[in-house]
Amino acid sequence: MIKKVAVFTGNRAEYGLQVPILKEINKNPNLEYILIVAGAHLDPNFGTTVNEIQEDGFEIHEMVNIQPLGDDLISISNTIGQIVV
């Protein structure tokens with residue numbers, strides 16, 4: 001039975017840490033990853049790094065466009081609430 005592992009990445013820094021994990025999952029015949037990309041990866045102001053993920057050869061299963069409502073704690077909480085629902 002193949003186990004699926006969900007991997008979420010929202011910025012380049014965490015993605016860099018996840019690359020070795022994704023590669024190991026790819027090597028293991030008993031594992032499969034589901035890659036969810038969001039946040040700064042999709043934002044042109046941060047270089048649209050989703051392209052780098054694709055160039056690295058990883059399949060992206062879902063892209064979640066997160067548009068923060070503001071920079072304060074209440075706005076961030078509301079943004080998270082909209083994503084989760």
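The structure is a predicted model, in which local features need pLDDT of at least 70 and side-chain atom pairs count only at pLDDT 80 or more, while totals for chains, interfaces and linings use all residues. Residues are numbered from 1 along each chain as its sequence is written, and side-chain values use heavy atoms, with hydrogens and water left out.

A look at the overall dimensions comes next. The C-alpha trace of the protein chain spans about 45 × 30 × 20 Å along its principal axes. Its accessible surface amounts to about 6000 Å², and carbon and sulfur atoms account for 57% of that; these areas come from the Shrake-Rupley method with a 1.4 Å probe, and for residues only the protein chains shown count as cover. Of the 85 residues in the protein chain, 25% are buried, where buried means under 20% relative accessible area, exposed over 50%, and partly exposed in between (1.4 Å probe, protein chains only). Among contacts (heavy atoms within 4.5 Å) between residues at least 6 apart in sequence, 59% join residues at least 24 apart.

The strands can now be followed in turn. Strand E1 (residues 3-9) runs parallel to strand E2 (residues 31-38), and seven bridges join them; two strands count as paired if DSSP finds at least two bridges between them. Within this pairing, valine 5 has tyrosine 33 of E2 as its bridge partner. The path from E1 to E2 passes through helix H1 (residues 12-27), giving a right-handed β-α-β crossover. Right-handed here means that, with the strands pointing away from the viewer, the path from the first strand over the helix to the second runs clockwise. E2 also pairs with strand E3 (residues 62-64), again in the parallel sense, over three bridges, and methionine 63 in E3 is the bridge partner of valine 37. A right-handed β-α-β unit is likewise made by E2, helix H2 (residues 50-55) and E3.

Two salt bridges are found in a search of the whole structure, each being a side-chain nitrogen of Lys or Arg within 4 Å of a carboxyl oxygen of Asp or Glu. In one, arginine 12 meets glutamate 52, with the closest N and O atoms 3.6 Å apart. This pair connects distant parts of the chain, since arginine 12 sits in helix H1 and glutamate 52 in helix H2, 40 residues apart. Arginine 12 is partly exposed because its relative accessibility is 47%, and glutamate 52 is partly exposed at 34%. In the other, lysine 27 meets glutamate 24 at 3.1 Å between the closest N and O atoms. Lysine 27 and glutamate 24 are three residues apart in helix H1, so about one helical turn separates them. Lysine 27 is exposed, at 62% relative accessible area, whereas glutamate 24 is partly exposed at 46%.

Finally, a nonpolar patch on the surface is formed by Ile76, Ile80, Ile83 and Val84, which together have about 350 Å² of accessible area. Patches are made of residues with over 30% relative accessible area and no salt bridge, like charges being joined within 9 Å and nonpolar side chains (Val, Leu, Ile, Met, Phe, Trp, Tyr) within 5 Å. Isoleucine 76 belongs to helix H3 (residues 73-84), and its relative accessibility of 35% makes isoleucine 76 partly exposed.

Technical notes: Helices (H or I, at least four residues) and strands (E, at least two) are DSSP runs, numbered from the N terminus.
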